[in-house]
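Reader: Please take a close look at the place where the parts of this protein meet, and describe it with the cut-offs stated.

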Amino acid sequence: MPHLAVEDISVYYPGQQRPALTRASTYVKSGEFVVLVGRSGCGKTTLLNVVAGLLKPTDGRVRIDGETITGPSADRALVFQNDALFPWLNARENVAFALKLRGVSRKDRGEMADRLLGLVKLDGFGDKQIWQLSGGMRQRVGLARALAAQPAFLLMDEPLGALDALTRERMQTLLLDIWAQSKVGALMVTHGIDEALLLATRIVVLAPGPGRIIREIETGFGRRYVEGETVRSIKADPAFALARADIEDSIFEGETV
Ligand SMILES: Nc1ncnc2c1ncn2[C@@H]1O[C@H](COP(=O)(O)OP(=O)(O)OP(=O)(O)O)[C@@H](O)[C@H]1O
Ligand SMILES: [Mg+2]
């Protein structure tokens, strides 16, 4: 069971007096869905980029099963807010590209790509050009491409941030379905507190000035969805509203405006 440990990470960007992130420690195990929340500028993206291996921390390290990471790797797939697909390739080819990187033979790639597109509910869309797809569909192609790498960890920075409210709700349950099936360890950034509550097994709250982790809260609403409860019923549970108020208090504690 892969275990990703964030150990005492600090990041100073060049020219900044205060660290963007200071002494952050947490972990993600496979089968967990960890969600980072906090005010703008508190270091969420910075932390995710360090975990992805895109950014070297000034101090601290990220270890996977004891091994310190040295850069990006196929064991950690990334999904960004904007889809970052190749516009000159169609949906199937975008997914197949990740399969090619994994060493899957040309002969098998098309069929596997179609299966991955099916997983994100895009059956029959393989031949569509990226510009022919809606924002939600593009995000699903991005997700299929990320899953094509068979990552142990799925890292997502506001993956649903650019979507309209209805599409976003559908994507949330799709994410839970995929997470439950694939057993990846998910690490996601969001600004939506309801979204965090619905998806997370653990919520990590960060605060700015300097960016740091101030709290971790175990939650179980996403698992209830996976076990068959409807989103409507989960959100109607008074425990959901209580947890939301509690997290809002943590995020906005000390806020003067
Ligand atoms: N490349 C960079 N160079 C210098 N400073 C940066 C850079 N990227 C981020 N910062 C600064 O580091 C701090 C943390 O930024 P980060 O993007 O991690 O925050 P965030 O929590 O993701 O914010 P948001 O919710 O707005 O996306 C901010 O003060 C930001 O201005
Ligand atoms: Mg960010």
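Author: Across the interface of domain 1 and domain 2, one residue pair is found in polar contact, with both residues at pLDDT 80 or more; such a contact is a pair of N or O atoms within 3.5 Å, one able to donate a hydrogen and the other to accept it, and residues adjacent in sequence count only if both atoms are side-chain atoms. Helix H5 (residues 165–182) gives the most to the side of domain 1 that touches domain 2, namely six residues, helices being DSSP runs of H or I with at least four residues, numbered from the N terminus. By class, that side of domain 1 has 10 nonpolar, two polar and no charged residues, where Ala, Val, Leu, Ile, Met, Phe, Trp, Tyr, Cys and Pro count as nonpolar, Asp, Glu, Lys and Arg as charged, and the others, Gly among them, as polar.

This is a predicted model, in which local features need pLDDT of at least 70, side-chain atom pairs count only at pLDDT 80 or more, and totals for interfaces use all residues. Residues are numbered from 1 along each chain as its sequence is written, and side-chain values use heavy atoms, without hydrogens and water.

The area buried between domain 1 and domain 2 is about 1000 Å², with 78% given by carbon and sulfur atoms; buried area is the accessible area (1.4 Å probe) that two parts lose on being put together, summed over both. In domain 1, Pro151, Leu174 and Ile178 lose the most area to domain 2, together 44% of what that side buries.

Methods. Chains are lettered from A and ligands numbered from 1 in the order in which they are written. Helices (H or I, at least four residues) and strands (E, at least two) are DSSP runs, numbered from the N terminus.
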